[in-house]
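Me: I am new to this structure and would like to learn how to read its helices. Can we go through it step by step?

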Amino acid sequence: MGRVAKRKVSIEDGRAALAAVRAGADARTVLATAVRYLLEELAERAPGNSVEVRVPPFGATQCVAGPRHTRGTPPNVIETDPATWIALATGELDWETALGAARVVASGSRADLHGLLPLA
């Protein structure tokens with residue numbers, strides 16, 4: 001099993017930021033905290049290094065057990081914007097719909113978060 005990364009966002013701060021964003025807050029720092037909290041949740045629930053999830057400009061994480069990636073561009077990458085990431089992670093948007101609407105770019109045979117979401 002992969003090593004679990006140490007949290008940089010406390011659970012309390014993350015939940016507060018997420019609640020604020022869901023209530024309509026759009027401050028950059030609050031949005032960044034919510035995105036990072038949800039990325040940390042994903043990494044904790046699906047530890048590993050075979051998939052990289054990117055949510056520019058706020059963060060990225062590696063997750064999902066499998067072959068470890070160490071250099072260059074990972075073979076399995078998922079990228080989305082902050083609003084889509086929060087919607088996916090909270091269950092407001094499902095994986096297939098996000099892919100079909102091109103709100104998520106997923107490349108690689110393991111670049112699939114179906115079954116891992118929602119987180120919150």
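This is a predicted model: local features need pLDDT of at least 70, side-chain atom pairs count only at pLDDT 80 or more; totals for chains, interfaces and linings use all residues.

Me: How many residues does α2 have, and what distance does it reach?

Reply: Helix α2 covers residues 28-45, which is 18 residues. From its first C-alpha to its last it reaches 26 Å, close to the 26 Å expected at 1.5 Å a residue.

Me: How are two packed helices described?

Reply: By the angle between their axes and the distance between the axes. Here, the axes of α1 and α2 come within 8 Å and cross at roughly 120°. The crossing is left-handed.

Me: Which residues of α1 and α2 meet?

Reply: On the α1 side, they include I11, L18 and V21. On the α2 side, V30, A34 and L38 are among them.

Me: Which residues of α2 are buried, and what covers them?

Reply: The buried ones include A34, Y37, L38 and L42. Their cover includes α1, β1 (51-55), β2 (59-63) and α3 (82-90).

Me: Which members of the largest nonpolar core touch the most other members?

Reply: Of its 32 residues, these are L42, V53, I78, W85 and L113. The elements that give two or more residues to this core are α1, α2, β1, α3 and α4 (95-100). The largest share, seven residues, comes from α2.

Me: What is L113 in contact with, leaving aside its neighbours within four places in sequence?

Reply: L113 is in contact with L42, V53, I78, W85 and W95.

Conventions
Residues are numbered from 1 along each chain as its sequence is written. Side-chain values use heavy atoms; hydrogens and water are left out. Helices (H or I, at least four residues) and strands (E, at least two) are DSSP runs, numbered from the N terminus. The expected span of a helix is 1.5 Å times one less than its number of residues. Buried means under 20% relative accessible area, exposed over 50%, partly exposed in between (1.4 Å probe, protein chains only). Contact means heavy atoms within 4.5 Å. A nonpolar core is a set of buried Ala, Val, Leu, Ile, Met, Phe, Trp, Tyr and Cys residues joined through side-chain atoms within 4.5 Å. Axes are lines fitted to C-alpha atoms, for helices over the stretch in contact, and angles run from 0 to 180 degrees between N-to-C directions. A crossing is left-handed if the near helix is turned anticlockwise from the far one by less than a right angle, and right-handed if clockwise.
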